[in-house]
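Please look over the notes below with the model open.

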Number of protein chains: 2
Amino acid sequence: MYTVKKLSELAGVSVRTLHYYDDIGLLKPSLVGENSYRYYDDASLLRLQQILFYREIGLELRGIKEILDDPDFDTVTALQLHRRTLQEKIERLQTLIQTVDTTIMHLIGEIDMSNKKTIFEGFSEEKQKQYEKEAVDHWGDNASQSIKLWHSYSDERKAQIMQEGGDIYVEIVANMGKGADSPEIRALLVRWHQHLRYFYEPTIEVLGGLGNMYHDHPDFNATFTRIHPDLPVFLKEAIAIYVDELETRWLERELGILEE
Amino acid sequence: MYTVKKLSELAGVSVRTLHYYDDIGLLKPSLVGENSYRYYDDASLLRLQQILFYREIGLELRGIKEILDDPDFDTVTALQLHRRTLQEKIERLQTLIQTVDTTIMHLIGEIDMSNKKTIFEGFSEEKQKQYEKEAVDHWGDNASQSIKLWHSYSDERKAQIMQEGGDIYVEIVANMGKGADSPEIRALLVRWHQHLRYFYEPTIEVLGGLGNMYHDHPDFNATFTRIHPDLPVFLKEAIAIYVDELETRWLERELGILEE
DNA sequence: ATAAACTATCACGCAGCGTCAGAGTCAAGA
DNA sequence: TCTTGACTCTGACGCTGCGTGATAGTTTAT
């Protein structure tokens with residue numbers, strides 16, 4: 001016979017947890033004294049350990065209750081289902097990281113670009129070194145490709161690239177009057193698309209997200225607004241059109257291949 | 001001027017969400033009528049879109065408030081930090097999936113093994129085919145390696161392997177009296193370790209988890225308890241000792257390499 | 001007998017809203 | 001002008017899995 005405290009120490013959980021499991025009917029004491037004290041036995045301990053096992057792999061308490069209470073429960077199928085949800089969570093988190101990465105890249109790369117100052121005036125040498133270090137420390141060598149790539153350029157090259165990027169936006173502003181679907185804008189967006197390769201491999205999904213980001217993200221919005229008040233909205237629309245065209249052509253190519 | 005409904009439709013959020021953001025001071029209406037209706041302007045819309053941007057990448061509302069309210073906020077550092085937490089979540093989920101995988105493998109492979117029946121008496125032919133199919137459907141071809149491996153064996157080979165595994169546990173029971181740290185048990189665990197390779201590559205981490213699983217997991221515990229009531233506890237201890245030894249030797253080898 | 005250690009039952013808090021409930025407000029048609 | 005119907009407001013509970021008191025009774029050790 002174990003009291004709540006004893007059992008909690010044996011299993012490494014809090015007393016409150018045992019109370020709670022009693023409340024929701026997940027683990028009832030084997031005996032309740034007339035002082036309403038809870039007493040548990042070895043069967044309780046085993047069941048508690050089973051509960052903790054399932055809890056550790058991320059199952060919800062209700063699901064655990066079902067599994068443990070129904071002896072005919074198909075555990076394998078349940079675990080396979082659970083595996084799927086875990087997978088989906090991972091995939092979602094990975095796309096989130098992608099987005100965060102491109103956001104960071106652009107924050108580092110394009111903030112204040114509109115002022116025709118280079119990035120180096122904004123960041124001191126130490127700051128820059130620090131970024132490199134953090135990139136390696138925190139990000140390992142997998143996902144920090146883009147930042148490494150950027151820092152692999154020489155200083156003059158960096159300056160040149162930044163200048164080039166700024167020019168593109170200035171030219172876009174000069175051609176805004178011709179419409180987001182004009183050939184001039186399209187040509188500029190092709191240059192913009194190419195330019196992104198200095199930083200990372202721009203997939204279609206990334207491009208689409210970028211348009212929205214330029215408009216919705218505070219820092220980008222501020223940056224582009226300084227170039228021209230209508231630029232964020234214009235870019236969002238123009239990029240959407242451009243991406244749409246890319247996707248269409250991609251589909252056609254796929255279909256073409258299939259026909260052969 | 002937008003009413004709550006209008007803004008909610010424009011931004012794709014619920015009215016309740018706007019109420020809530022007002023409550024916590026994240027997005028105040030630009031004007032409140034004397035009927036206490038909320039009215040928003042374009043600045044509100046922009047801010048809302050910024051909020052949604054950060055929300056999508058998984059930031060908490062409090063963090064978003066800080067970022068948006070403090071113009072000097074170091075967005076880059078905040079995002080880098082956030083990236084880290086996302087990474088950690090992914091890593092945690094991946095180990096969870098590992099555990100789930102080995103659990104499933106063992107559930108399929110070892111349930112009822114103690115009855116000296118082969119696995120095939122427990123599962124009908126259709127059931128077995130179904131498992132294969134589900135393995136491919138749900139798991140893709142990456143993580144189902146182990147199950148594929150298993151199903152790649154011929155039926156006689158399967159039966160032989162199962163028999164072999166069962167024998168190991170029976171022998172362990174016969175030697176339980178000599179202690180979990182006895183050379184006899186150690187030798188048997190080496191066989192057990194080798195035997196696992198029929199199913200998947202047993203890393204040190206997996207081995208450690210297995211010992212606990214044999215004890216804590218309901219189905220395994222039941223299975224091993226049927227062989228001998230003390231077997232789950234004994235296995236847990238013996239495997240812990242074995243794994244500990246493996247790790248020590250691994251460390252020594254690493255240190256030896258470093259010395260050269 | 002008295003103090004220390006345990007025990008019990010409420011009940012709020014958290015994160016981010018969803019979801020009624022009850023009541024007031026506004027715009028448009030008959 | 002009156003009546004709908006569409007909106008709006010402010011509470012307030014629910015969800016998940018407990019943590020963290022508060023207050024009060026019980027047991028154990030000295």
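1. This is a predicted model. Start with the cover over the buried residues of H2(A): it includes helix H1 (4–11), strand S2 (38–39), helix H3 (42–56) and helix H4 (61–69) of chain A.

2. The buried residues of helix H2 (residues 15–23) of chain A are A:Thr17, A:Leu18, A:Tyr21 and A:Asp22. They lie on the same side of H2(A) because they cover an arc of only 140° around the axis. A:Arg16 and A:Asp23 are exposed, on the face turned away from that buried side. A:Gly25 follows H2(A) and has a positive phi, near 75°.

3. Now DNA strand D. Of the 19 residues around it, A:Ser14, A:Tyr21, A:Arg62, B:His19 and B:Arg38 come nearest. By class, this surface has 6 nonpolar, 6 polar and 7 charged residues. H2(A) gives the largest share, 4 residues.

4. Check the polar pairs. A polar side-chain atom of A:Tyr21 sits 2.8 Å from a phosphate oxygen of DNA strand D. B:Tyr37 has a side-chain N or O atom 3.3 Å from a sugar or linking oxygen.

5. Last, B:Leu59. This residue is in the loop between helix H3 (42–56) and helix H4 (61–69) of chain B. B:Leu59 counts as buried because its relative accessibility is 17%, and the cut-off is under 20%. Beyond its neighbours within four places in sequence, B:Leu59 contacts B:Tyr54, B:Ile64, B:Ile67 and B:His82. B:His82 is 23 residues from B:Leu59 in sequence, yet 7.4 Å away in space, C-alpha to C-alpha.

Definitions and conventions
Residues are numbered from 1 along each chain as its sequence is written. Chains are lettered from A and ligands numbered from 1 in the order in which they are written. This is a predicted model: local features need pLDDT of at least 70, side-chain atom pairs count only at pLDDT 80 or more; totals for chains, interfaces and linings use all residues. Side-chain values use heavy atoms; hydrogens and water are left out. Buried means under 20% relative accessible area, exposed over 50%, partly exposed in between (1.4 Å probe, protein chains only). Helices (H or I, at least four residues) and strands (E, at least two) are DSSP runs, numbered from the N terminus. The arc is that of the directions from the helix axis to the C-beta atoms. Contact means heavy atoms within 4.5 Å. A residue is near a molecule or strand if one of its heavy atoms lies within 4 Å of it. A polar contact is a pair of N or O atoms within 3.5 Å; within protein, one must be able to donate a hydrogen and the other to accept it, and residues adjacent in sequence count only if both atoms are side-chain atoms. Ala, Val, Leu, Ile, Met, Phe, Trp, Tyr, Cys and Pro count as nonpolar, Asp, Glu, Lys and Arg as charged, and the others, Gly among them, as polar.
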